[in-house]
Amino acid sequence: MSFVAILALLVSSTLVYSAPLIFTALGGAYSENSGVTNIGLEGIMTIGAFAAIVFNLTCASTLGKATPWLGALIGGIVGLIFSLLHAVATINFHADHIISGTVLNLMAPPLGVFLIKAMYDKGQTENITQSFGYFSFPGLADIPIIGPILFKSTSAPAWVAILVAIVLWWVLYKTRFGLRLRACGENPQAADTLGVNVYGMRYAGVLISGFLGGIGGGVFAEAIAGNFSVSTIVGQGFMALAAVIFGKWNPIGAMLASLFFGFAQSISIIGNQLPFFNHIPAVYMQIAPYVITIIVLVFFFGKSVAPAADGENYIKSK
Amino acid sequence: MLKVTAKTRKILVPIISIIAGFLVGAVIMLIWNYNPLTAYSSMFTSALGNLNGIGETIREATPLIFTAVGFAIASSAGFFNIGLPGQAQAGWLTSIWIVLANPHLPKVVLLPLAVIAGGLAGAIVAGIAGYLRAQFGTSEVITTIMLNYIVLYTCQHLMQQVMSSKLRLDTDTTKTIAANGSLKINWLSKLFGDSRINAGIFLALIAVVIFWYLMKKTTTGFEIRAVGANPFASRYAGMSTKKNIILSMLLSGGFAGLGGVVQGLGTYQNYFTQTASLDIGWDGLSVALLGGGTAIGILLASLLFSILKIGGLGMQTIAGIPYEIVSIVIAAIIFFIAIQYVIGLMFKNKQAKSPLVTQSNSAAQSIATKGEE
């Protein structure tokens, strides 16, 4: 394999595996910046994957090439609705954020499989016919060296995700909405005093995380898994959560961390095709993202730098 | 609104959560045209209707008691040990491996050795998270989640690449362990209709008593609870927060590891490659939350969950209703536990002891009446 071919393979598989993590981690970053810890990203991804696959199977024949994109969007909408549970519990009902998030993770897989069984009478779905597949940018793909590496047979959702990350970074740090959202995560009392609707902002944070997490699940299902079963989403949501922290609760950071995790994940899958990596036992590549997350947390962050009121209930007094 | 004492209220909240959870399950079944009455009655008859069912239900509860106790200890110290699946898995593989590698040791040596080693394996996994928390302040929620995956893949690797092929049937399953290292008791299984009930349940009952005694009667337990309640105050009172953080995580992981041990030496008699986090870890977490972290609560909650799970299998075969409804009910119950503040609004404390209580009650009341409008 030529050097360019190796790089192209690495880049494209990194992007494929990063895309769902980027979407979901961006959602996580928004939720946590608004002050609601969202450990339920895994469950949100699962329900998003479920919705996207069902939509894809139902509509692929009529919608053709647009199906996976619309499927991911449907996944996002269903994820948003699902995340309402977490929002109501944590914002209105004083629930512990970690327990409430755990409920999402406990609820999503059985709910998805139950519905699949009720609809299709079997435990997992057929494989979808319209998946994301590979995408080549017209024009850009013809640039020598860079073209084949970055723009030929690459993952379109990943490029969209990177774009979304930049936009969401801008929204969070450069707009009034972003400032208010962050204020609710840092000091809800002060924000409230200044007339910010803390509950509303926190709803926004959680629902955005539901929407983006659902898209992430949809993208994973339609680009990588190809069907829905109880084991479609196994840990990607937790990985996205780690990316949020690894990325210091910043959308761009979360995106870069997701790219890194995507790289590590893809290495463990395509490693045997690559020189050097094929000598490393697969287990090291599999556990690398998790070990690195721990090491980074320990040595580079010390005490947590999460938004100050992240995970704390805000109870508005009369 | 009911007038109840604080103690009754503590009991009523989980009971209402359970009923509400069953209702959620019923509504979902109705929407999809399954009959909830058939479902729940077939569930209870298959879990409790015959000796085999009862034996299996007790067997199913055994590991949950351990993992729930593990969760409860960490949570008394203020930690959310979400790494129970990994800790249990480490305990399971370790104990099976030790028994397989030493089949000729006498039972009095081999069985305790395997059990203790399994508990230690779980303790080490949790201890890493405890140490990092104590030393560097690293969030135990993240580290234990990460450790779950590290353990999952490491166990796959150990099983497939490291373990001697003499101990395995194939790359994914070990041989069955010798009677020397087994928790199986033939007369007990016979008594319960040839079910897989085993000596693990006695160990679990001992564990619950130890847990109760440790937390309620010993200084160690007091210090753990004090650190959980207020780390700054307990440090001021001369307690070592670091020591207590690590100790509580070691104990927590040790019990979770034992949950894996009874799964291996008791239920399955072997180890097989896992592709996802162990259920007993997640269920143990739910059991502890439902049981309110108390010894008796954990016992009752673990039995309820086992009835749901064993009965759910029967429900699937007898009534043809997907098994997943059971997990949905469990998740719903935990959801209602999480929002117990809202459930609590249905009751009023009988005697207000201080002005503060009255005040918060009237606040709760005003919110409740607002909600009714």
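The structure is a predicted model, in which local features need pLDDT of at least 70 and side-chain atom pairs count only at pLDDT 80 or more, while totals for chains, interfaces and linings use all residues. Residues are numbered from 1 along each chain as its sequence is written, chains are lettered from A and ligands numbered from 1 in the order in which they are written, and side-chain values use heavy atoms, with hydrogens and water left out.

Over in chain B, another cysteine, C155(B), counts as buried because its relative accessibility is 4%.

Let us turn to the surface, beginning with chain A. L63(A), L70(A), L73(A), I77(A), I81(A) and L84(A) form a nonpolar patch there, and together they have about 470 Å² of accessible area. Patches are made of residues with over 30% relative accessible area and no salt bridge; like charges are joined within 9 Å, and nonpolar side chains (Val, Leu, Ile, Met, Phe, Trp, Tyr) within 5 Å. The areas come from the Shrake-Rupley method with a 1.4 Å probe, and for residues only the protein chains shown count as cover. Helix α3 (residues 67-92) of chain A gives the most to this patch, with five residues. Helices (H or I, at least four residues) and strands (E, at least two) are DSSP runs, numbered from the N terminus. As for L63(A), its place is in helix α2 (residues 41-63) of chain A, and its 34% relative accessibility makes it partly exposed.

Chain B has a surface patch of another kind. K7(B), K10(B), K216(B), K217(B) and R225(B) gather there in a patch of positive charge. Helices α1 (6-31) and α8 (200-217) of chain B are the elements that give two or more residues to this positive patch. Lys and Arg count as positive and Asp and Glu as negative, while His and the chain ends are not counted; the place of a charge is taken as NZ of Lys, CZ of Arg, CG of Asp or CD of Glu. R225(B) sits in helix α9 (residues 219-229) of chain B and is partly exposed, at 32% relative accessibility.

Where do opposite charges meet? A salt bridge is a side-chain nitrogen of Lys or Arg within 4 Å of a carboxyl oxygen of Asp or Glu, and the structure holds eight of them over all chains. One joins the side chains of K122(A) and E126(A), at 2.5 Å from N to O. K122(A) is partly exposed at 33% relative accessibility, and E126(A) is partly exposed at 47%.

In chain B, E223(B) forms a salt bridge with K243(B), with the closest N and O atoms 4.0 Å apart. This pair links distant parts of the chain, since E223(B) belongs to helix α9 and K243(B) to helix α11 of chain B, 20 residues apart. E223(B) is buried at 17% relative accessible area, whereas K243(B) is partly exposed at 48%.

D283(B) and K309(B) also meet through their side chains in a salt bridge, at 2.8 Å from N to O. D283(B) lies in helix α12 (residues 279-290) and K309(B) in helix α13 (residues 295-319) of chain B, so the pair ties together parts 26 residues apart in sequence. Both D283(B) and K309(B) are buried. Elsewhere, E56(B), R59(B), E60(B) and R196(B) are joined into one network by salt bridges that share partners.

Finally, a word on the backbone. Most residues other than glycine have a negative phi, and most peptide bonds are trans. H94(A), although not a glycine, has a positive phi of about 60°. H94(A) is placed in the loop between α3 and α4 (97-120) of chain A and is partly exposed, with a relative accessible area of 21%. K248(A) is not a glycine either, and has a positive phi of about 55°; the loop between α10 (236-246) and α11 (251-270) of chain A is its place.

Key. Buried means under 20% relative accessible area, exposed over 50%, partly exposed in between (1.4 Å probe, protein chains only).
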